[in-house]
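Dear colleague,

Please find below the structure that I am handing over to you. My notes on it follow, and I would be grateful if you read them with the structure open.

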Amino acid sequence: MPIEIPTPYEIDRLIGSSAYRDAGHPQSASTRNAVTNWFAARYGADSSIDKKPLARGDHGDVQDARQNYIICRALAGNTLLVGEGNFSFTASLVFDHHVTPMSITSTIHENSRDISDDTKANAQKLSGVGVTVLHDVDATHLEKTFPHQQFDTIFFQFPNAGSREPNRGHNPNYVLVRRFLKSAVEHLRKNGEIIVTVVNSSYYYGRFRMDEAAKYSGIKDFYAIPFNQDDFPSYSHVNTNDENSALKEYRSFETWIFQP
């Protein structure tokens, strides 16, 4: 009798479950093994991944990828990153986790004349290995830069509107995420996903109201998983309009997975 292979949707559901997220759950080990083996099989690794090391293949370092859903999504096809600030998250995907550079388009909202020396250095390094690096990209109007292009995964790490002034009675960060999601949905391939990472606190949840933003954009399936900054050694987040970093000020973060 043939072995039934889980669908991507079933794997996404497992990753969002308490059995996967809570190490103390009675089904934690079996759930994590199921997810781990699925990613290994999908990205070309031997299915017996718990018995021997994995070799680095065409899809990057599967040994690392299997430990983090974000990395696995970046390995899954064409990837767009918006609001990249200093491009260091993209650099971590490429240089720490060996995601194929040619599959990545990394963008910032700022003009090339207004960025720091570190940002310029990261941009040049990424461009040099094949990453498409773009400036002046509005995450809430992706059609202006990508009128016909679609992606498998679209990332927005720690979105920040850079303002506290209410926008028609709403928090500006909620408006930013809502508009971004609505635009991003139109630029996803079939079975594509949108991934947004934020600080995990009741205060930030009130600012972003992810569930409301998702529903406004017509997204029915969404959930949050923990974000571990230690998985991305080269990542040095910089906030909009200042030099402070959410990674330094806070210790708990979550990544929202949106599946239109």
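Which residues point one way from strand 1, and which the other way? Thr-79 and Leu-81 point one way, Leu-80 and Val-82 point the other, and all are buried, where buried means under 20% relative accessible area, exposed over 50% and partly exposed in between, with a 1.4 Å probe and protein chains only. In a regular strand the side chains alternate between the two faces of the sheet.

Some conventions apply. This is a predicted model, in which local features need pLDDT of at least 70 and side-chain atom pairs count only at pLDDT 80 or more, while totals for chains, interfaces and linings use all residues. Residues are numbered from 1 along each chain as its sequence is written, and side-chain values use heavy atoms, with hydrogens and water left out. Helices (H or I, at least four residues) and strands (E, at least two) are DSSP runs, numbered from the N terminus.

Confidence

The mean pLDDT (the predictor's confidence in each residue, from 0 to 100) of the protein is 78, and 70% of its residues reach 70 or more. Confidence is highest in strand 1, at 98, and lowest in helix 4 (residues 62-65), at a mean of 40. Over residues 43-67 the pLDDT is below 50. Where pLDDT is low, the predicted coordinates should not be read in detail.

Strand 1 and its partners

Strand 1 covers residues 79-82. Strand 1 pairs in the parallel sense with strand 2 (residues 104-107) over 3 bridges; two strands pair if DSSP finds at least two bridges between them. Leu-80 has Thr-105 as its bridge partner in strand 2. Strand 1 also runs parallel to strand 4, to which 4 bridges join it, and there Thr-79 stands opposite Thr-153. Thr-79 has a relative accessible area of 1% and is buried. Leaving aside neighbours within four places in sequence, the contacts (heavy atoms within 4.5 Å) of Thr-79 include Ser-103, Ile-104, Phe-151 and Phe-155.

Helix 8 and Ala-139

Helix 8 (residues 172-185) has 14 residues, of which 11 are buried, so the helix is largely enclosed by the rest of the structure. Among the buried residues are Phe-180 and Ser-183. Both of these touch Ala-139, as do Val-82 and Phe-156, not counting residues up to four places away in sequence. Ala-139 is placed in the loop between strand 3 (132-134) and strand 4 (151-157), and at 9% relative accessibility Ala-139 counts as buried.

Aromatic pairs

There are 12 aromatic pairs; rings of Phe, Tyr and Trp (its six-membered ring) pair if their centres lie within 6.5 Å, with planes under 30 degrees apart counted as stacked, over 60 as edge-to-face and the rest as tilted. Phe-89 and Phe-232 form a tilted pair, 5.1 Å centre to centre with 50° between the planes. Phe-89 lies in helix 6 and Phe-232 in the loop between strand 6 (221-226) and helix 11 (246-249), so the pair ties together parts that are 143 residues apart in sequence. The rings of Phe-158 and Phe-253 have centres 5.6 Å apart and planes at 90°, so this pair is edge-to-face. Ring pairs link Phe-89, Phe-155, Phe-158, Phe-227, Phe-232, Tyr-235 and Phe-253 into a cluster.

With kind regards
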